[in-house]
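The stops below can be selected one after another.

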Amino acid sequence: MAPSKYKVIREAKAIWRRFAPFQRDYPNDDAHHERANSYMFRSRSRIPGLTGRRVFLNIPVPHDYLDKHQNPKVKFPTNKIVTSKYNIFTFVPKNFFEQFRRVANLYFLIVAILQLVPIFGVGSPVFVVLPIITVIAITAVKDAVEDYRRQQADKEFNSTTTHILSNWTNVNTPANPTSSGFVNLFKKPIVAISNLFSGKKQPSLIEGCSSLHGPEFQPTIWQDVKVGDIIHIAKDEPVPADILILSSDDPDGECYIETKNLDGETNLKTRNAIPETSYIQTPLDCSRVQGYVDTDHPSSNIYVFNGNFTIMESDNDDSRDASIFKNSYTDDVRMSNLPSQTIPFNNKNVLLRGHVLRNTPFVIGVVLFTGNDTKIMLNSGTTPSKRSKIEKTMNKQVGFNAFVLFLLSLCLAVGYGITMANSSQSQRDLFGFSGDSTLWQGFINFWASVILLQNIIPISLYVSIEVVKSFQALFIYSDLNMYYEPTDSPCVPKSWNLSDDLGQVQYLFSDKTGTLTRNVMEFKHCIINGKVYGKVIPGQETDKQGGEMQERKGTDKATMISEHFHEMKKIFEPEYCEASEENITFCDADLYRDLAKDDEQSEEIKQFFLNLALCHTVLIEHNNKADSSSTSLNNNNFVYRAESPDEKALVSAAKDAGFTFMNRSKTTMGVDILGKKYDFELLDVLEFNSTRKRTSVLIKRPAPWNDIVLFIKGADNVIIDRLHEGQDEIVEQTQKQINHFSNQGLRTLCLAYKILDEGECEEWRERYKDALSSMDNRDKLVDECCEDMETDLTLLGATAIEDKLQEGVPECIESLRAAGIRVWVLTGDKMETAINIGFACSLLNKDMKVYTVTNGNAEQVEENFFHIAQEIRNKEVHDGSDAIVIDGGALKHIVDRRKCLKTLVELAPIFGSVICCRTSPLQKAQVVHMIKKGYKAITLSIGDGANDVSMIQQAHVGVAIAGEEGLQASMASDYTISQFKFLSNLLLAHGQMSYHRISEMILCFFYKNMVWTVSAFWYQFYCLFSANLYFDYSLITLYNLVFTVATVVIMGGQDLPISYENYLKNPQIYKLGIKQRFFNTYIFFTYILDSLYQSLLCYFIYHLVNSSGVDNINGKSSSLYYQSSGTAVAIVIIANLFVGFHTRYWTWIMHLFTWLCIILIFIFLPIYSMIFKENFYYVGIQVMQNANFWLAIPIAVVASLLPRYLNSYIRQTYYPNDLDIVRENQLIKKLQ
């Protein structure tokens, strides 16, 4: 039954109260918000006291910017990126700090120090410190191996090659590096004497710029790039730092970049050089440009970059020499006296670290920000130290055990003090009491009791956990179900200590591009003038098209494709067609039959595909490496580079249909139409944005058209609202087919056009030009001009494109949602794309009501969001049928306003699906942080690019898709997989296995140590609370080391309640982990109470057995060790059987070690008692010769385990959980 709205909202408000303290640290103003972000992600501190940055280029640095050593005052960070946690100097202190955050480790250290105090006289110091040293050393080695792998990845990344200007002086870096103190005392005289004998002069600034070979670009590695360097980026090279573009190969300074590492988009974008420096083409040109760049302070906003470039001008180039600045370091240069020109620049004039240069031979720029000051790193944060939720909970349980230890020790100390105070002198002498005060004796007894009962907190637990988690990491790595053969990639666990968190994930945050999708668009269908084209090709149908294919059983794929190409060749020779029998996605011979007719439909088809060939911003990259093995019809290979994969698919579809886009310049576009080439004059482009939801081009067509036409494409609702009257029938047919395409999960666009007369066009262009140059309300004026033009349109039709998801994504998401995991998609893509993908991957469905919060001013966003919130609250039942899509701009306003943020946190668990689009990397991390802190829920983030690093690091568990977007995400992740679908294996199978195993192992560890230690406590009531040993020291040492540890570790390493396949088939079982049904405070206390009961039973059964005073066949009185040996044997048997009772998968290894550990105690006692001839001499043999000893064992075992068995029987029979039911069904099938 779905929860009522009141219950859900009450729970959300309770959660908000936990979240509120975090929110109070984030006021509404931008300055505080930026500081909050800096605090959240621990970015390296920037240059204090400065509002921006000034970078000098080929001019001396003024005195105000120099220190006493004539070096720049501002020290910029290096370009070296470090994602590892440690280095050779910080490993020991930092790792020790990490390890001693564990309460148990701190406790063990204190106890070890305590035992070294001579007054307690506890054996050899070596054996005292050996356990804690072993625990720390094993964990340190594991951490070192993990971090070494990160360092190797960093080294590979930092060693990437780029080219910077050499034989030239960068004045922004220290020209005279100085050392301080003792080193500097000797360094300066040595350098001076060396220069004196060598005749070497101290070079001036300009002298340093010249060399025998002159300035030239030379290779260097990324980590050596510095602020102020002039850098040369070649085609297809990634950008190593944030740079200002000075020039490119293009005369106009234009270049094209791919930004997927920052915003997740694979489409190409344009950037432009500063027009005044676009002449720069050679190293010599670079060395002559003079000026300085002022920029904003380093900021994490990847969409904003503002600054000014002040260029110093001279009368002629010859004046640009040393004579101008010959006293550059002795006299302050008055730059204001030189002729100068200040040019503003913005985000369109810079390249950011992570961008990749495409379709441009080279770019020359000046480095402005390096390393941790770059935007990509400001969006990443430092590598966090993550601990699993069970480990954090276990710290509390260790704290409780420490409290119990303190309480028991205090009871013994008080009891000892009272006993001593009430004893006579003869009793004192008999029992060896010293003459010290009662208070002092009680104090000493307290610490002696702490040492006696120290095993109440098991020191071997943490080592055992490390061993078990190492095995779990090996199982994950070795799982062939997560092996991806095409790239030879297994699942790689990088953080071994988080495996149990995989079984408790409640919120999953996913990137879209490259994570859910392959970002491959395929043109499938179209409707032109009311007629649908595009057959469903057998083998390429979507799930929702399967029914159609059943109705077309007689369809033959080969015949369909053969007819398509046959009819095509009747009309034109497909010189540029890339479609072949193997890769064709659009196939319909009727298209060419209709195209061959000289009628209205033929003209509409030509207009339709001409629209596709002209209405876009696609670029052409020529590819000279033709594939000789290709079976396509294309003899002139070139590649389209588009700002969106949709555009590329549409232009490629037009090309395959015979309308080939050939070339473009700023004013013309060339198209081959059915084998004949035409040049079209490009008048204007009205670009797409999220508000307009459409793209238009104004084209002047040559003969035979000789007209001016506006081609437009966009969302169906936007285009249809702008059509002229009289098209009702075609509109109805088109709208009906669009709905059909959408229901199949296809992306749709409408196409239209409009013929203009020349006078109308010129008048509009003048108004449009004025709007573009307006300083006031420019955006509003431009939108008004566009609205005026894009009216009275004639509908051509619509397209249907399939966005190819990764294999198995919808099924994986359905399984995860059935498991109770809430899936959020955080993407940099536009809202329409994100929504379409949501439907395609089953995150959204037609039964859901999808709310959208679009960008606008803060008041509009707040009003829209609160309207949605009120509508949600008014619903009686919340069953997950509501979804919300939030734009990144709107998300910023929501996060900045406490009331809005509070509402979002309150409603988050109500929504069945949440999609945040147009989000920056930092916003992704903020959303994860909000849920992580607000709901105390385990979060998992998954992505594949550098733009996902921040959210991967912010989540409890970070997973990277090892794809085509570089190593940043993989380097920052805890697990690396090759396909999104493997998440179901990682979480539903390995996650649950690890969670069940670790939970049960920890509980059994606490149990077995508690039952052993408290047994010794009961004895203290019979030895005057003197903190004497109850068990022989050898038994104390071997209990955890030999007699009980193996069964617990084996259970933690290989227990399997149900089969791997049943974990995947029954995702509902995962909810038990989300609700923490296997490891919580209640279960912990049941195990503790069980151990207290069993310790009491074991001690007093053997106390009664030995109370007669005659215990052996010789009739001699028994000693303490007769009783304690019997108790020890019973506890070892019970502890091993108790672990076995909770083991659900008995392998031969489990059988072997369970019975072996029990047998060992019977072998050890007689052998040990014969070898060591002290108090324990012959005790083991005499105990086993006593019938009472053998009689007490089954009584103690049965009486101890019976309550646990009855409880388990009642629970599984009358109150089974999902795991019990599935396990029972599995056993029944196995028996059948």
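Select D944 first. In this predicted model, D944 is buried because its relative accessibility is 3%, and the cut-off for buried is under 20%. D944 sits in the loop between β31 (938-943) and α30 (949-954). Show its side chain and that of T515: a polar contact of 3.5 Å runs between the two.

D511 belongs to the loop between β15 (505-510) and β16 (517-528). Its relative accessible area is 1%, so D511 is buried. Beyond its neighbours within four places in sequence, D511 is in contact with residues including L826, K924, D944 and D948.

Move on to T660, in strand β20 (residues 659-664). T660 is buried, with a relative accessible area of 2%. Leaving out residues up to four places away in sequence, T660 touches Y576, F638, Y640, A654, K655, G670, V671 and D672.

Next come the aromatic rings. How many aromatic pairs does the structure hold? There are 51. A pair of aromatic rings is described by the distance of the centres and the angle of the planes. Select F1006 and F1084: their centres are 5.4 Å apart, the planes are at 85 degrees, and the pair is edge-to-face. F1006 is in helix α32 (residues 982-1019) and F1084 in helix α37 (residues 1081-1105), so the pair ties together parts that are 78 residues apart in sequence. Both F1006 and F1084 are buried.

Then select Y1030 and F1031. Their ring centres are 4.7 Å apart and their planes are at 65 degrees, so this pair is edge-to-face. Y1030 is buried at a relative accessible area of 0%, and F1031 is buried at 1% relative accessibility.

Two charged side chains end the tour. Select R1204 and Y1087: the charged end of R1204 sits over the ring of Y1087, 4.5 Å from its centre. Then select K899 and F866: K899 lies over the face of F866, at 5.3 Å from the ring centre.

Definitions and conventions. Residues numbered from 1 in each chain as written. Predicted model: local features only at pLDDT ≥ 70, side-chain atom pairs only at ≥ 80, totals over all residues. Heavy atoms only, no water. Helix = DSSP H or I, 4+ residues; strand = E, 2+ residues; numbered from the N terminus. Buried < 20%, exposed > 50% of the residue type's maximum accessible area, 1.4 Å probe, protein only. Contact = heavy atoms within 4.5 Å. Polar contact = N/O pair within 3.5 Å; in protein donor to acceptor, adjacent residues only side chain to side chain. Phe/Tyr/Trp six-rings, centres within 6.5 Å; stacked < 30°, edge-to-face > 60°. Lys NZ or Arg CZ within 6 Å of the ring centre and 35° of its normal.
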